[in-house]
Amino acid sequence: MNGKLPRKWARISIIFMGAFLAGTLVTILMNSPVGMLVGTPFAIASLIIKFVILRCPGCGHGGAIPQWSKAQKVYHCPRCGAKLEYDD
């Protein structure tokens, strides 16, 4: 690994979590569990990406904050303090 987190997977994680939230909204509005049944696998996939693929390059700690694009704020690993950078 080149020391940078894959932005492609961060974006996929964000999209999947959005699909889960849309399913939750459908469940609330329609009073039917269909939205949750469809949305839950997206939430699980999003969390797998977040905790398995988006790992700190320094210590391997999972759970980096997915970023869609370059942010003004610099994020650091909560465990080792390494700067979390995404590829372009």
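Predicted model: local features only at pLDDT ≥ 70, side-chain atom pairs only at ≥ 80, totals over all residues.
Residues are numbered from 1 along each chain as its sequence is written, and side-chain values use heavy atoms, with hydrogens and water left out.

Let me begin with the overall dimensions. The C-alpha trace spans about 45 × 25 × 20 Å along its principal axes, and of the 88 residues in the chain 26% count as buried. By buried I mean under 20% relative accessible area, by exposed over 50%, and by partly exposed anything in between, with a 1.4 Å probe and protein chains only.

Now to helix α1, which covers residues 7-30. Ala 10 is found in this helix, and Ala 10 counts as buried because its relative accessibility is 0%. If we follow the chain from Ala 10 to Ala 71, we move 61 residues in sequence, and the two C-alpha atoms are 13 Å apart in space. Val 26 is also found in helix α1, but Val 26 counts as partly exposed, since its relative accessibility is 36%.

Val 26 belongs to a nonpolar surface patch together with Leu 25, Ile 28, Leu 29 and Met 30, and these residues have about 550 Å² of accessible area together. A patch here is made of residues with over 30% relative accessible area and no salt bridge, where like charges are joined within 9 Å and nonpolar side chains (Val, Leu, Ile, Met, Phe, Trp, Tyr) within 5 Å. The salt bridge in that criterion is a side-chain nitrogen of Lys or Arg within 4 Å of a carboxyl oxygen of Asp or Glu. The accessible areas come from the Shrake-Rupley method with a 1.4 Å probe, and for residues only the protein chains shown count as cover.

Moving on, Asn 31 lies in the loop between α1 and α2, the latter being residues 34-53. Asn 31 has a positive phi of about 55° although it is not a glycine. As background, most residues other than glycine have a negative phi. Asn 31 counts as exposed because its relative accessibility is 73%.

In helix α2 we find Met 36, which is partly exposed at 29% relative accessibility; its C-alpha atom is separated by 25 Å from that of Trp 68, 32 residues apart along the chain. Leu 47 lies in helix α2 as well and is partly exposed, with a relative accessible area of 41%. The C-alpha atoms of Leu 47 and Phe 16 are separated by 9.2 Å, and these residues are 31 apart along the chain. In the segment after α2 there is Arg 55, partly exposed with a relative accessible area of 35%, whose C-alpha atom is separated by 9.1 Å from that of Leu 84, 29 residues apart along the chain.

Next, the rings and charges. The charged end of Arg 11 sits over the ring of Trp 68, 5.3 Å from its centre, and Lys 50 lies over the face of Phe 51, at 5.6 Å from the ring centre. A charge is taken to sit over a ring if NZ of Lys or CZ of Arg is within 6 Å of the ring centre and within 35 degrees of the ring normal.

Finally, the cysteines: how many disulfides does the structure hold? The structure holds zero disulfides, a disulfide being a pair of cysteine sulfur atoms within 2.5 Å. Cys 59 is in no disulfide, and the nearest cysteine sulfur, that of Cys 77, is 3.6 Å away; Cys 77 is likewise in no disulfide. Is each of these cysteines buried or exposed, or in between? Cys 59 is partly exposed, with a relative accessible area of 32%, whereas Cys 77 counts as buried because its relative accessibility is 5%.

Methods. Helix = DSSP H or I, 4+ residues; strand = E, 2+ residues; numbered from the N terminus.
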